[in-house]
Amino acid sequence: MSTRTVLHEADIARALTRISHEILESNRGPAELVILGIPRRGVPLAARIGALLADISGVPVPVGAVDVTMYRDDLHRNPTRAPQPTEIPVGGIDGRTVVLVDDVLFSGRSIRAALDALQDIGRPAAVRLATLIDRGHRELPIRPDFVGKNLPSARDERVNVRLRETDGIEEVTIGS
Amino acid sequence: MRHLLDTKGLTRTAALRILDVAEDMAATQHREVRKLPTLRGKTVVNLFFEDSTRTRISFEAAAKRLSADVINFSAKGSSVSKGESLQDTAQTLQAMGADAVVIRHGASGAPHTLATSGWISAGVVNAGDGTHAHPTQALLDAFTVRKRFFGDDSRGHDLAGLRVTIVGDVLHSRVARSNVWLLTTLGAEVTLVAPPTLVPQDVSAWPVRVLYDLDEAIADGPDALMMLRIQLERMSAAYFPTEREYSRTWGLDAARLAALPADSIVLHPGPMNRGMEISAAAADSPRSTVLEQVANGVSVRMAVLYLLLAGERIEAEEDGR
Amino acid sequence: MSESFLIRGARPSGGAATDIVIADGRIVETGTALSAAGATVVDADGLIALPGLVDLHTHLREPGYEASETILTGSRAAAAGGFTTVFAMPNTSPVADTAGVVEQELALGEAAGFAHVQPIGAVTIGQNGERLAELGAMASSRARVRVFSDDGFCVFDPLIMRRALEYVKSFDGVVAQHAQDPRLTEGAQMNEGTVSAELGLAGWPAVAEESIIARDVLLAEHVGSRLHVCHLSTAGSVDIIRWAKKRGVDVTAEVTPHHLLLTEELVRGYDARFKVNPPLRRDEDVLAVREGLADGTIDIVATDHAPHPAEAKSCEWAAAANGMVGLESALRVVQQAVVDTGMLTWDDVARVMSAAPARIGRLSGAGTPLAAGRPASLTLYDPRPVRRFTDADLHGRSVNSPYLDRELPGEVRWTFFGGVVTMAEGAVLSAPGVRA
């Protein structure tokens, strides 16, 4: 087993700051933004991005979570998963620009499930995708709008994101 | 979870898992689109040997909200001499591709026989068997109590320290039995109140206190009072002399309602005999959780179906069977 | 000229090794180092020899329910269990309440030839509990009925029970009561107690058996009659019989092998193989009936062999029929429950499973000791092996045994019925006396 760290704490912080600036740039400001994290680790990342956006723009930006367990297409191939809470901020998502936040983008199936979940919750004006790590190997035509780091990987390598809110430390590692 | 046959076999962990997943299911019922695609392509069969529109509709709604296909099978006559045998019925359903069978049957133990016979490979959910068990009712009752007392903080909470008193025909009640086991597992203290003729002859092994006096039980200040339906046919088998006497002694009338602590709630599995075991005033008061129980029933049954059908099928026994 | 046999080294009632010579249907000689010219030698080293077992309570289902069992298949099952006499209960269709039906049963038993089938007559017409059947006609028929029972149903009306007890005195008959107060056991499914409370199955309280027995022993005493009590199952019932015998009441009682071994805990799991009437009871009851059998309060073991077709057992509990087959397993269960536990000797077994039932049933040619001049009806039993009981051990038409896949000691090796082999080397014969 050989694992190497590709992002340290400071790298993660810088990446999230850059992503936040890019979101504001592409949206021309903070108006009508809703940041929704995909459990588990997308949720603390979304919270941080929301806080950074508020810092930079001076305007509070709604943050929430959208759980995709019920919409997955691979449920029957894995042990039963307990769903996580879905929290849509007051004001909903109708007519707004939703930015989905996840820690690792891989096959794209989680994002497809998230799009299905959003469809049952409301009708956003647009949906964007921010991911801390893009490791390639897409199985669906899904592409991210905002990426922390592109990380080429072999299919059988494991990419792990650890955050202080969930794991107590901050790092991104890749190993076999 | 392979089958859900009773609550006696549910561990605290398994019970809380069902209740917490039911929270998520309940949350989806406030959205614009109240349906989830999770069980798309799965077939749930409602195999009801006893008439029960309410429970059947509840399971049907639960299955459909998870996008499962529902087949309703009403089978009259369960004994060999009267109609098709349980075995033949079960194997017909298997051949039709049932993934889960929700069975309500007049014979205690029928779901157990179905689940262990080897006749079918589908998961079995007990929707009420004879006087033995009604696990989803107990789960929705526990969910309701939890929600009323802990609100938005319900997730992960058990019922430790809560006092629940169950009143009525315990002898013939599968709802009472399933509640006794589940409430105790979740840490609640359970008291049973009934005329002596309607308490089983030997409940010494049950983790409950038994009282014959409802006023004494109410004076103790229970957090939740669960009124059971009294079947009027019991009168002819001499379990109690008259409706009037039963209602006077064990009915929740206005005076008893007023004697309950301010925050206490009143549950009833339905259908109610207004004026018999529960007065109209009690049934319609803000303390009454009857309608919430119905709504929660759908969420709880969605959770049960999800946990039964949405993982890989594991052959070994695990939490909750 | 029938086959003659020299049985070598058998242990009669578990005693010293003895040779037994059988010829022309009789025991010719017993002793040591015997010889018999032309006799087939049977090596019985280590085997216990018992007089042919007599079952006072069997259900052979013929006429009427031949799908479950016939007199032929039932008597083969009996031979496999070491029985040479079975008393056939009358809950057939038509009910055995006339001379005609009992004579038919006798004839079918004779034609089968595996055991003596002794018909029991119903107490009331159709077992309805309302009018006495023609007990006298049955007694003087070719079937010479002496035991009368409405088994399956209780003779509940005390007046009818009194009349029956009085009436049978004229021909030394006995009424065998199935003690079950019908009002206290409506819809009952299992013993009433803590297990029934939990499982949600309607209870069959012990008092429903005990109250009828208490009434009947007092009636028997009052009218000076014999009384026999079927399938005793509770500690309280044992106490009542003990009290009655002390008082001098002429009462006898039987217990089934399953009530000597199995308890109501087996009902958890709702496996209808364990559904029986009277139901399986508690540990305390099993202990009490064992002690009752050991101290003579209970006189005999009777199987209550009750065959049922698969669909009557492979279903939900409430829909299942009551009853267990028990002829083939009886001796093995008795060994496990009361012999291996030191409560009964093999001599006691010979008494409770052969001599005493024959005496109660007034059958003089059965249950006779293994002595010269007596009928050659005996069984050779090996108490040593311990094997799983499987459906290969069942020889009747039905397989509703509670012992399947259970380890039981012992094995019946040979059965002789009036000098004719019905079971040889552990295999029951397809026809009496005919070995491959």
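1. Chain B as a whole averages a pLDDT of 91, with 94% of the residues scoring at least 70.

2. This is a predicted model, in which local features need pLDDT of at least 70 and side-chain atom pairs count only at pLDDT 80 or more, while totals for chains, interfaces and linings use all residues. Residues are numbered from 1 along each chain as its sequence is written, and chains are lettered from A and ligands numbered from 1 in the order in which they are written.

3. The secondary structure of chain B comes to 11 helices and 9 strands, where helices (H or I, at least four residues) and strands (E, at least two) are DSSP runs numbered from the N terminus. The radius of gyration of chain B, taken over C-alpha atoms, is 19 Å, close to the 20 Å from the globule rule for 321 residues, so chain B is as compact as a globular protein of that length; the rule itself is 2.2 Å times the number of residues to the power 0.38. Along the principal axes, the C-alpha atoms of chain B fill a box of roughly 55 × 50 × 35 Å.

4. Of the 321 residues in chain B, 52% are buried; a residue is buried if 20 or more other C-beta atoms lie within 10 Å of its own, exposed if 12 or fewer, and partly exposed in between. Among the contacts in chain B with a separation of 6 or more, 77% join residues 24 or more positions apart.

5. Helix H1 (residues 12-28) and helix H11 (residues 290-309) of chain B pack at an angle of about 115°, with their axes 8 Å apart; axes are lines fitted to C-alpha atoms, for helices over the stretch in contact, and angles run from 0 to 180 degrees between N-to-C directions. The residues of this contact divide into 11 nonpolar, 1 polar and no charged, where Ala, Val, Leu, Ile, Met, Phe, Trp, Tyr, Cys and Pro count as nonpolar, Asp, Glu, Lys and Arg as charged, and the others, Gly among them, as polar.

6. Between chains B and C, 25 residues of chain B are in contact with 18 residues of chain C. On the side of chain B that touches chain C, H4(B) gives the most, with 3 residues, and by class this side has 8 nonpolar, 14 polar and 3 charged residues.

7. Between chains A and B, 16 residues of chain A are in contact with 14 residues of chain B. The side of chain A that touches chain B divides into 8 nonpolar, 5 polar and 3 charged residues.

8. In chain C, C:Leu280 lies in the loop between helix H8 (257-261) and helix H9 (283-294), and counts as buried because it has 24 C-beta neighbours inside 10 Å. Leaving aside neighbours within four places in sequence, C:Leu280 has contacts that include C:Asn191, C:Leu262 and C:Phe274.

Key:
Contact = placed C-beta atoms within 7 Å. pLDDT = per-residue confidence, 0-100.
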